Amino acid sequence: MILIPQEFHEHSQASHSDQGSVAPLILGLFAILMSAVYTVSDISAVYIDRRDLISETEAALYKASEELDELTYYSSGPRSSVPLDCGAAERRFRKDLPTNIDIRDFLCDGRELIAQVDREIELPFQVRAISITRFTNRIRAGVRTDYLR
């Protein structure tokens, strides 16, 4: 007959009753980790889209700033800035801007162009429980035509 010490028998019963208590902890940590990954991914997508929106808007504004008001330029000569044809500049801006960008405002004073645009994106990881599925990036950008001698 083999005798098992009482301490060993009590220890094995205590560890046997602790089984399964780690699983909820692991599931909870996994849920927290995945939530963090989803949040960082959504924030990254919004940031990248905002950077692209700024680049696309500025490129279209620079192209639009090439629309010279020739009558004013040649009749009065160069001054501190190059005069712009506002109508032609706005048409050029609308033509060169990608179609998925909404123009909220376009201002032209003959020397400076300012545009306020926005674009709505669908988030990669959507939180339907709190109705966050889309985000709108809105920016304001401008160019000024300075004449340098």
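Trainee: How many salt bridges does the structure hold?

Mentor: There are eleven salt bridges, each a side-chain nitrogen of Lys or Arg within 4 Å of a carboxyl oxygen of Asp or Glu. Because the model is predicted, local features need pLDDT of at least 70 and side-chain atom pairs count only at pLDDT 80 or more, while totals for chains, interfaces and linings use all residues. Residues are numbered from 1 along each chain as its sequence is written, and side-chain values use heavy atoms, with hydrogens and water left out.

Trainee: Which residue meets Arg 119 in a salt bridge?

Mentor: Glu 56 does, at 3.0 Å from N to O. Arg 119 sits in strand E2 (residues 112-127) and Glu 56 in helix H2 (residues 22-64), 63 residues apart. Helices (H or I, at least four residues) and strands (E, at least two) are DSSP runs, numbered from the N terminus.

Trainee: Is Arg 119 buried or exposed?

Mentor: Buried means under 20% relative accessible area, exposed over 50%, and partly exposed in between (1.4 Å probe, protein chains only). Arg 119 has 6%, so this residue is buried, whereas Glu 56, with 29%, is partly exposed.

Trainee: Which residue forms a salt bridge with Asp 118?

Mentor: That is Arg 104, with the closest N and O atoms 3.6 Å apart. Asp 118 belongs to strand E2 and Arg 104 to strand E1 (residues 102-108). Asp 118 is buried at 7%; Arg 104 is partly exposed at 49%.
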